[in-house]
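Please read them alongside the coordinates.

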Amino acid sequence: MGSRLGYSSRSLGINTAPPAGFFSSLSSSLAYSLTISNATQKPSSCSGSGNCRLSCSKGAFSVSAFKRGEVRPPFEKADKEGKVGGEREKGEMTIKPAVRIADRKLIVKDRTILTGVPDNVIPKSGSDSGPVEGVFLGAVFDEENCRQVVPLGTLRDVRFMACFRFKLWWMAQKMGDKGSEIPLETQFLLVETKDGSHLESESGNEENQIVYTVFLPLIEGSFRACLQGNERDELELCLESGDCDTKSSSFTHSVFIHAGTDPFGAIYDAMRAVKFHLKTFRLRHEKKLPGIVDYFGWCTWDAFYQDVTQEGVEAGLASLATGGTPPKFVIIDDGWQSVGGDPEEEKPLLRLTGIKENAKFQKKEDPTTGIKSIVNTAKDKHGLKYVYVWHAITGYWGGVRPGQYGSLMKYPMLSKGVIEHEPAWKNDALALQGLGLMNPKEVYRFYNELHSYLASAGIDGVKVDVQCILETLGGGLGGRVELTRQYHQALDASVARNFPDNGCIACMSHNTDALYCSKQTAVVRASDDFYPRDPVSHTIHIAAVAYNSVFLGEIMQPDWDMFHSVHPAAEYHASARAISGGPVYVSDAPGKHNFELLKKLVLPDGSVLRARLPGRPTRDCLFSDPARDGVSLLKIWNMNKYTGILGVYNCQGAAYNLAERKNTFHATKSESITGYIRGRDVHLIGEASTDSAEWTGDCAVYCHKSGELIILPYNVSMPVSLKVLEHKVLTVTPVKVLAPGFRFAPIGLINMFNSGGAIEGLNYELKGGAKLFELEDGNEGTGLGEERVENRSNELVGVVHIEAKGCGRFGAYSSAKPRRCLLGSKEVEFGYNSSSGLVTLELAQLPNESQRVHLIEVEL
């Protein structure tokens, strides 16, 4: 089975000469399709089934219990447009598992997921919401109410992963195997059928594959839905309007359910169907990503908190540039606005008093220049490309001072699920002092006046925080969904008008009220904050951003938050940001930087090697609990154009404690944990092959930390052992067979976390020696300890053409020592490790600005 997600492969192959304009014709697409081919599949060179585990030691490795699947999956190429649908190759069919309710059971592909479905739960076909088979569920109640709860059926004997809100603002993950373990405020639920879950079919035989069922609670009219479990193991649907005057007793499209044999494909297809149905939001790949995602940045928050000043911003920018990692964007966080408190309060909650900056950001000699002064300094003196500022969706934490923009005092009314998770809310300053809420009819005027003022000063975008507060303020205004929709429509319109680069980051925004009305914003904070002074938070943070991205990443590009480069967990956080696919930025105080670490993320021109998709847990980690179970490592995958990246993290020892309603440490079962990695842990690794029809499935795997290079045959696994807060980052590249004994795989800039992100173009050119060269009998090998060969003829076997950006040490795997390496047209020195096949050469400086990339040729 071949699949793709978020982009297309390059239609590259072996040619007798590199075609003109080859690299410039690369295309990318942003869709996912799931297909299975009836055409003849290529058999592997080994019989049997199952996995092979590879035991490694320094400089050597051995294979034990080697087994391999009978067939290897062909990897489908994306169409030219990279869109779902369109013409399929002859013999292919699209997998459309049946989802239905029969005999009071929810049945998916003849497997029962829920039993005892009540009679008042009403199914409706999803066929009107695009070419994805699924079912909507609604319910009918005896009385109208503003909050309704109904069981959907009993859930047992499965494995699930839930994304639920443990705070008003943020989601986290929870795993389990029965309905009673599903938390309140669950907004995304992925279920794996236990029946047959030990099988992983490589033959495309759908009957032997695991089935993944996606439950998406939705917005329906003025009501927002979520899921929860009860003590009888029933999965419940909870519907709330947030306004006691907004009531209903009948619902038809409150939950969408879809299933498939590829979890990431099933999720994408489900989200696409929901988008067609709701027509209120767009998917990630349909939005313009702001330019900050491709550059290194700095945020003022953990450096200064609300004490940030104009002078502090300049000091931070200058400090980072001195070490060769110049930031190209800055987020001036909370602390720049004009705010004031209610005079009668002893510890007043601050409210916005005007749209312009406070005195800290006004030059004494010329206050009228305002925030434009620091913007000009950042761009003209320090070479920044983008300057963002922070504001709350309601203006400030306490809203806008009453009287401005129709602002009136409102007191938050939280849903039952949020209160259960956060009982301390009743003593929060917002609950006690209220919030100055702008009239929804005036909010566009507010955003436009604020954003146009900022844009005139050279500001390029905004981080819009505190978004979930709107769900608590809908009383008397039509409810939470209606209020949220009005604010977000106004925000989207203002951002589109004032920030042409779509400069907006959503923050504290993990409710579906906001997510399902997001048409414009393309970047969303993925989890609760990075807390530099809270030791319990760091493993929790990495697990949360990865699992939340499974859901959030379909709607926006997840932002895994800032971090400190000088910190006990600095490398743990930094490596994860390289895998995330989102913005990379720190919040270091001026003068407190680890430049050696930052140079693994940042090139000398301030750009970063960004992976192309949202980073997510690997398929085999989706239902394990790497924060709580004491035995599992977390593996996170992402894709570059020609390589994959895989991160392995020990996140055990701390998690959100549902009983204590806070993050807590817990005892671990052992000092270190051993897990296993495979090349196909990178879910779309076949898309990185230049000729997927000929690819054997073998991968070159380079470990960033140890510098080891290993060839993993298809479906062979390799052990990885890590202690808590330890990690490994690996570059995974499909191995290309040019001729018998001549195998090659580029790695990239091997001193960078995301080495393969440097490779912009790749083409293999065969020469006459490929036809002449023959190995002795039995020397074709599998890549396991194969003999390094020398070309006994004088004929050139092939030339590998590589386009690489950046500078530093470039590495590649070659089974034979190259004849020579060229950089541009000039022959350069290279190193070759005959035991591992690692080829290295130096890219001493960045390519010329007009050239953009280095042209590397490796002759074999």
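**Notes on the predicted model**

1. Helix α10 (residues 537–552) and helix α11 (residues 570–580) have axes that come within 10 Å and cross at roughly 10°. Axes here are lines fitted to C-alpha atoms, for helices over the stretch in contact, with angles running from 0 to 180 degrees between N-to-C directions. The pair α10 and α11 is therefore roughly parallel, a term for angles under 35 degrees, as against over 145 for roughly antiparallel, 65 to 115 for roughly perpendicular and oblique for the rest. On the α10 side the residues are His538, Thr539, His541 and Ile542, which meet Tyr572, His573, Ala576 and Arg577 in α11. By class this contact of α10 with α11 has 3 nonpolar, 4 polar and 1 charged residues. Nonpolar covers Ala, Val, Leu, Ile, Met, Phe, Trp, Tyr, Cys and Pro, charged covers Asp, Glu, Lys and Arg, and the others, Gly among them, are polar.

2. On conventions: this is a predicted model, in which local features need pLDDT of at least 70 and side-chain atom pairs count only at pLDDT 80 or more, while totals for chains, interfaces and linings use all residues. Residues are numbered from 1 along each chain as its sequence is written, and side-chain values use heavy atoms, with hydrogens and water left out. Helices (H or I, at least four residues) and strands (E, at least two) are DSSP runs, numbered from the N terminus.

3. The protein chain comes to 13 helices and 52 strands. Of its 860 residues, 62% count as buried (under 20% relative accessible area, with exposed over 50% and partly exposed in between; 1.4 Å probe, protein chains only). Among contacts (heavy atoms within 4.5 Å) in the protein chain with a separation of 6 or more, 75% are between residues 24 or more positions apart.

4. Helix α3 (residues 310–321) packs with helix α4 (residues 372–381) at an angle of about 15°, the axes being 10 Å apart. These two helices, α3 and α4, are therefore also roughly parallel to each other. Gln310, Val313, Glu314 and Leu317 of α3 make the contact with Ser373, Ile374, Thr377, Ala378 and Lys381 of α4. That set divides into 4 nonpolar, 3 polar and 2 charged residues.

5. Which residues of α4 are buried? They are Ser373, Ile374, Val375, Thr377 and Ala378. Their cover includes α3, β22 (329–332) and β25 (386–392). After α4 comes Gly383, with a positive phi near 70°.

6. An open sheet of 6 strands runs in the order β33-β34-β35-β42-β39-β40, with antiparallel pairing. Its edges are β33 (616–617) and β40 (709–712); each has a single partner strand, so one side of each is left without a neighbour in the sheet. Strand β33 pairs with β34 (residues 634–639) over 2 bridges, where two strands pair if DSSP finds at least two bridges between them. Pro617 has Ile636 of β34 as its bridge partner.

7. Tyr649 lies in strand β35 (residues 644–649) and is buried, with a relative accessible area of 0%. Beyond its neighbours within four places in sequence, the contacts of Tyr649 include Ile542, Tyr572, Ala576, Ile636 and Leu722. Lys635 is 14 residues from Tyr649 in sequence and 6.4 Å away in space, C-alpha to C-alpha.

8. Elsewhere, strand β11 (residues 135–145) pairs in the antiparallel sense with strand β10 (residues 121–125) over 5 bridges and with strand β20 (residues 248–260) over 6 bridges. Ser125 has Val135 of β11 as its bridge partner, and Ala139 stands opposite Phe251 in β20.
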